[in-house]
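I shall begin with the chain as a whole and then turn to individual residues.

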Amino acid sequence: MAHHDIIISGAGYIGLATAVSIKQAAPHLDILVIDAAPEGVWKNDARASAVAAAAVRMLGQLGVWNLIEAESQPITEMIVTDSRTADPVRPVFLTFGGDAEPGEPFARMVSNVAMVRELRVKAEGLGLPVKQGWAAVGFIRENGLSRLTLKNGETLTCRLAIACDGVKSTLRTAAGIKSTHIDYGQSAIVGTVAHERPHEGRAEEHFLPAGPFATLPLSGNRSSIVWTETAKDAERILNEDPFIFEAELEQRFGLKLGALHFEGKPKSYPLGLTLVRDFVRDGLALAGDAAHGIHPIAGQGLNLGFKDAAALAEVVVEALRRGEDFSSLAVLERYEQWRRFDTVRMGVTTDLLNRLFSNDNSALRLARTVGLGLVDRLPRLKQFFIGEAAGLSASSPRLLAGEAI
């Protein structure tokens, strides 16, 4: 049996960020990252994410942001509309603008591939092995060690296992951690759209009866879309002739940026809310989508994951420096207490927003219009929302403030 101090299951940006954060602060620890996907699959991810200012600071502290920044696109403005798909005019009810701090955009758009690529390079530079095609399907804690069984029957042991293997985490299931899931009956169609005219860094969220249609600025004359439809309609749209697909896209996107062209093949992902009963077990911690899955309506899923990575790394490293067993339940519960409220709050918020805006109820439409208009007229409240979107708060882990652990 191969033994390590820490084994992280999941080599996405959260798993890699967790590994790099701990290894950078405690280089003597033997950390292994494993992932169920075959080598190179991560390069096929066409998605992009809104990385909040706090997460940018963390990536800077980890020494990778300077390599990502040139490919990123600052979000300079956010507008919100509420209309029906066929409406010829979409009145703007709410606008956000400004920086988290002077000269620091509240968020930047970054391709998932760029983040994973640079985090993998950093991991390699720190001597962190990443093993693809290694799927953890079993978990047992005995004699102070966590034992992971791989799909091929091999066994690994470690002091601490960290599950970053997605919203359907096999390691979470193997450990017997219960989760609550609400299926929204919606799917998000995602991909990249090229357009004739520049977006000027503006992000837009159009609340339509089937769900939000978000356009997020990318470098060049390109935008990332997150297009919410019922699961049935999403499947129909994806199977349409490309001409019909782009006509449906144009109806929602509009022609304010000129002619549109969808790059590559669109993909869809089912939407729901997943909250776990426990973030930790003795010798096991959950982070990222393994600990929570939320609707993309607020664009905060990735940033919740980076908060998990920063908080868990800080708890583990500080326990190590105090001579404590960082894999013990008593230590890991500090991480759970730190992250649980924020996660549940964001999950409930996105659930309420989705239910409030993904419908065509006249009374709710009126309430939404009044509510958005009031917020738009309250500068201090808007600034509070900017701060929330930027992920900056006094209780954040040190890495999210750009400070070393």
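Predicted model: local features only at pLDDT ≥ 70, side-chain atom pairs only at ≥ 80, totals over all residues.

Let us start with overall form. For a chain of 405 residues, a compact globule would have a radius of gyration near 22 Å, and the 21 Å found here agrees with that. Along the principal axes, the C-alpha atoms occupy a box of roughly 65 × 45 × 40 Å. The secondary structure consists of 11 helices and 21 strands.

How much of the chain is buried? Of the 405 residues, 52% are buried. The accessible surface comes to about 17300 Å², and carbon and sulfur atoms account for 55% of that area. As for contacts between residues at least 6 apart in sequence, 75% of them join residues at least 24 apart.

I turn now to the interior. In soluble globular proteins, nonpolar side chains tend to be buried together. The largest nonpolar core in this chain has 77 residues, and the members that touch the most others are Ile6, Ile22, Met58, Leu284, Phe306 and Tyr335. Helix α8, residues 301-321, supplies the largest share of this core, namely 11 residues. Apart from this core lies another, of 33 residues, which includes Met78, Val80, Phe96 and Leu218.

Met58 belongs to helix α2, residues 53-61, where the buried residues are Ala53, Ala54, Ala55, Val56, Met58 and Leu59. Just after α2 comes Gly63, with a positive phi of about 85°. Beyond its neighbours within four places in sequence, Tyr335 is in contact with Phe279, Val280, Ala285, Leu286, Ala287, Asp308, Ala311, Leu312 and Val315.

Next, please consider Thr343, in helix α9, residues 329-357. Is Thr343 buried or exposed? Its relative accessibility is 1%, so Thr343 counts as buried; the cut-off for that class is under 20%. Setting aside neighbours within four places in sequence, the contacts of Thr343 are Leu275, Phe279, His292 and Asp308. Phe279 and Asp308 are also among the contacts of Tyr335.

We move to the backbone. Most residues other than glycine have a negative phi. Asn143, which is not a glycine, has a positive phi of about 55°. Where is Asn143 placed? It sits in the loop between β11 (136-142) and β12 (145-150). With a relative accessibility of 78%, Asn143 counts as exposed. Glu200 is another residue other than glycine with a positive phi, in this case near 60°. Glu200 lies in the loop between β14 (179-195) and β15 (202-208), and its relative accessible area of 62% makes it exposed.

Finally, I would draw your attention to Ala367, found in helix α10, residues 362-376. Ala367 has a relative accessible area of 45% and is therefore partly exposed. From C-alpha to C-alpha, Ala367 and Asp45 are 38 Å apart in space, and 322 residues separate them in sequence.

That concludes the presentation. Thank you for your attention.

Methods. Residues numbered from 1 in each chain as written. Heavy atoms only, no water. Helix = DSSP H or I, 4+ residues; strand = E, 2+ residues; numbered from the N terminus. Rg over C-alpha atoms; globule rule 2.2 N^0.38 Å. Buried < 20%, exposed > 50% of the residue type's maximum accessible area, 1.4 Å probe, protein only. Contact = heavy atoms within 4.5 Å. Areas by Shrake-Rupley, 256 points an atom, 1.4 Å probe, with all protein chains shown as cover. Core = buried A, V, L, I, M, F, W, Y, C linked by side-chain atoms within 4.5 Å.
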